[in-house]
Amino acid sequence: MASDGGGSSGTDPLSRRAELAGRLERVRSRIAAACAAAGRDEGELTLIAVTKTYPASDVVALAGLGLYDFGENRDQEAAPKAAEVAASDGPAIRWHFIGQLQTNKAHRVAKYADVVQSVDRLRLVHALGTAARAAGRDLTCLVQVSLDPADAGGERLVDSEGDPARGGVPPARLAEVAAAVEAEPGLILGGLMAVAPLDMDPVAAFAPLRDLSEVVRSIRNAASVISAGMSGDLEAAIAAGATHLRIGTALLGNRSVPVR
Ligand SMILES: *Cc1c(COP(=O)(O)O)cnc(C)c1O
């Protein structure tokens, strides 16, 4: 959780807010340029600020600048941060859980997350359903699909607890996991999420997204979310049909410890 805060520690709140405003403006103009290039309407894009390693005060500042969607990837960091933001009396926001999730943490995440983007196995679907019902909340779930060519064959087990370095269900198992979400009381199938493999050209990596989205929409037509695109590859994601961008460093600054 330690971070240089991209200049936030020891900086007064007003200058941090000004820094965040400038970064947000640059990200928005990148999004606008990419939408123009792709012939898409900016209104189709939802910007999610990924605030991992950054304090609740940055969440509150970005919410004050008009952002509504926030992402975190570790429960032990996200839970206290969500509580702090809720206690701050700031604008209402929506939390997206975007990291690898162990089934035994599902009940914790279901208490503050509105969306879980990293659903990649059947055991997790059932654990999240149980947790959502216990919390009395509806939880929107995105099925995380692997874009790693090594997973194209679909051999990897859907039910394994997963290698944290390689999240995502193989494309061949996408329909099975999406159908399980759709059938699970308490869960709402929202669409899919994907991360471009580190060693791959993002344009090539994101090429299958529209077809994969059709697989999910064949199970629930309204499940149209395509969450793809980070600070380094948002243009490629927009060209490939992304509806939700997960942006960390471009909005908040470099994390002192890479957390992916
Ligand atoms: C950290 C993270 C992001 C944001 O990455 P940046 O390169 O900082 O924009 C997006 N998605 C996931 C799943 C992440 O863990």
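Is T53 buried or exposed? I looked this up before anything else. The model is predicted, and in it T53 has a relative accessible area of 8%.

T53 is not a glycine, yet its phi is positive, at about 75°. I placed T53 in the loop that runs between β1 (46-50) and α2 (56-64).

Next, the ligand. I found 13 residues around the ligand, and K52, S231, G248, T249 and R255 come nearest. I sorted the shell by residue class and got five nonpolar, four polar and four charged residues.

For S231, a side-chain N or O atom is 2.5 Å from an oxygen atom of the ligand. For K52, the corresponding entry is 2.7 Å, again from a side-chain N or O atom to a ligand oxygen. R246 has a polar side-chain atom that lies 2.8 Å from a nitrogen atom of the ligand. I also looked up the ligand's cover: taken alone it exposes 390 Å², and the protein buries 92% of that.

Last, the cysteines. I searched the whole structure for disulfides and found zero. C35 has 1% relative accessibility, so I counted C35 as buried. C141 has 0%, so C141 went down as buried too.

Note on methods. Residues are numbered from 1 along each chain as its sequence is written. This is a predicted model: local features need pLDDT of at least 70, side-chain atom pairs count only at pLDDT 80 or more; totals for chains, interfaces and linings use all residues. Side-chain values use heavy atoms; hydrogens and water are left out. A disulfide is a pair of cysteine sulfur atoms within 2.5 Å. Buried means under 20% relative accessible area, exposed over 50%, partly exposed in between (1.4 Å probe, protein chains only). Helices (H or I, at least four residues) and strands (E, at least two) are DSSP runs, numbered from the N terminus. A residue is near a molecule or strand if one of its heavy atoms lies within 4 Å of it. A polar contact is a pair of N or O atoms within 3.5 Å; within protein, one must be able to donate a hydrogen and the other to accept it, and residues adjacent in sequence count only if both atoms are side-chain atoms. Accessible areas come from the Shrake-Rupley method with a 1.4 Å probe; for residues, only the protein chains shown count as cover. Ala, Val, Leu, Ile, Met, Phe, Trp, Tyr, Cys and Pro count as nonpolar, Asp, Glu, Lys and Arg as charged, and the others, Gly among them, as polar.
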